Amino acid sequence: MDALWRAPTLRPKIPRSPMPTSQDEFYRGLERAGAALSRARGGPAERAAAVHDAIADLLRDTDAHERLACRSGCAHCCHFPVGVTFAEAVRIADAIRGDDALRERVLADADATGDAAWHQLVGRACPLLRDGACQRYPQRPMPCRALGSLDEAACSASLTANADVPRDEAAWWRGLGAAQALDEGHGRRELRSAVAALLRAARGEQAAAFARSRAVPQP
Ligand code: SF4
């Protein structure tokens, strides 16, 4: 999922006309998330929740939404490494801190994959996935929200071969914009590595722990 989960190298500017669709959608997500952040109160977890809530209807309001292949119990995309913002990682860590079994599962998976390169995580299940379902679906990060596949067979094939997955492009780019707003200068890190680092860090050291976790590869 995350080979493509990078902010495009776009800078705010007065767009030429016509604006490329991807850029238009990117800024729609960025602006919606930015407005939510300007109203948000609380810490990183609350800021992530504010953006996730604010972007939800924008991800559903697309021409392709009715054709989504995504359904409950389908979890091909949960076998790709996922990039998360600091705020999203804090939100997930807070949500599993009191669940001993899930907490240990994330920590063990992070330890077992500590030396793995990003591409070596392709095919390995996200530690939040159990019995085909995300155990923290309400707190899932933006890539998991915005990846709307239009072809389940292509998702399955993409785990073992280079396969293009047709997706809801508008939702994808809106999600990218929202993630860019939520980044807030921390960058993005791989989910299991980042969440494990936060679970082990003292409150005041979370940002530093996040920064030391596995970085999302850059082009
Ligand atoms: S956070 Fe949830 S939805 Fe996202 S990859 Fe992990 S199990 Fe799947």
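Start with helix α3. It is mostly covered, with 9 of its 11 residues buried. The buried ones are Phe86, Ala87, Glu88, Ala89, Val90, Arg91, Ile92, Ala93 and Ile96. Note that Glu88 and Arg91 are on that list.

Before I go on, one caution. This is a predicted model. The average pLDDT over the chain is 90, and 91% of the residues score at least 70.

Now the whole chain. How many helices and strands are there? The count is 9 helices and 4 strands. Along the sequence they follow the pattern α-α-β-α-α-β-β-α-α-α-β-α-α. The radius of gyration is 17 Å, close to the 17 Å that the globule rule gives for 219 residues, so the chain is as compact as a globular protein of that length. Along its principal axes, the C-alpha trace spans about 50 × 40 × 30 Å.

Two more overall numbers. Buried residues account for 40% of the 219 residues. And take the contacts with a separation of 6 or more: 76% of them join residues 24 or more positions apart.

Next, helix α8, residues 191-200. Is it enclosed or open? Of its 10 residues, 9 are buried, so the helix is largely enclosed by the rest of the structure. The buried set is Leu191, Arg192, Ser193, Ala194, Val195, Ala196, Ala197, Leu198 and Leu199. What do they pack against? Their partners are β1 (83-85), α3 (86-96), α4 (100-112), β4 (188-190) and α9 (206-212).

Zoom in on Val195 for a moment. Leaving aside neighbours within four places in sequence, Val195 is in contact with Ala89, Ile92, Ala93 and Val106. Ala89, Ile92 and Ala93 are among the buried residues of α3.

That takes us to the core. The largest nonpolar core has 47 residues. Which of them touch the most other members? They are Ala33, Val51, Ala89, Ala178, Val195 and Leu198. The elements giving two or more residues to this core are α1 (21-39), α2, α3, α4, α5 (142-146), α7 (169-183), α8 and α9. The largest share, 9 residues, comes from α7.

Ala54 sits in helix α2, residues 44-60. Is Ala54 buried or exposed? The cut-off for buried is 20 or more other C-beta atoms within 10 Å. Ala54 has 20, so it counts as buried. Beyond its neighbours within four places in sequence, Ala54 is in contact with Arg32, Ala33 and Ala36. Ala33 was one of the core residues that touch the most other members. As for Gly34, it is 20 residues from Ala54 in sequence, and the two C-alpha atoms are 9.7 Å apart.

Now the ligand. Which residues surround it? They are Cys78, Val82, Cys126, Leu128, Leu129, Cys134, Arg140 and Cys144. By class, this shell has 7 nonpolar residues, no polar ones and 1 charged one.

First up is Asp131, in the loop between β2 (129-130) and β3 (133-134). Asp131 is not a glycine, yet its phi is positive, at about 55°. With 7 other C-beta atoms within 10 Å, Asp131 is exposed.

Then there is Glu184, in the loop between α7 and β4. Its phi is positive too, near 50°, and Glu184 is a residue other than glycine. Why does Glu184 count as partly exposed? Because it has 13 C-beta neighbours inside 10 Å, and partly exposed lies between the exposed limit of 12 or fewer and the buried limit of 20 or more.

Finally, Ala201. This residue lies in the loop between α8 and α9. Ala201 is partly exposed, with 17 other C-beta atoms within 10 Å. Not counting residues up to four places away in sequence, Ala201 touches Gln206 and Ala209.

That's the tour. I'm happy to go back to any part of it.

Note on methods:
Residues are numbered from 1 along each chain as its sequence is written. This is a predicted model: local features need pLDDT of at least 70, side-chain atom pairs count only at pLDDT 80 or more; totals for chains, interfaces and linings use all residues. Two residues are in contact if their C-beta atoms, placed from the backbone, lie within 7 Å. A residue is near a molecule or strand if its C-beta atom, placed from the backbone, lies within 6 Å of it. Ala, Val, Leu, Ile, Met, Phe, Trp, Tyr, Cys and Pro count as nonpolar, Asp, Glu, Lys and Arg as charged, and the others, Gly among them, as polar. A nonpolar core is a set of buried Ala, Val, Leu, Ile, Met, Phe, Trp, Tyr and Cys residues joined through C-beta atoms within 7 Å. The radius of gyration is taken over C-alpha atoms; the globule rule is 2.2 Å times the number of residues to the power 0.38. pLDDT is the predictor's confidence in each residue, from 0 to 100.
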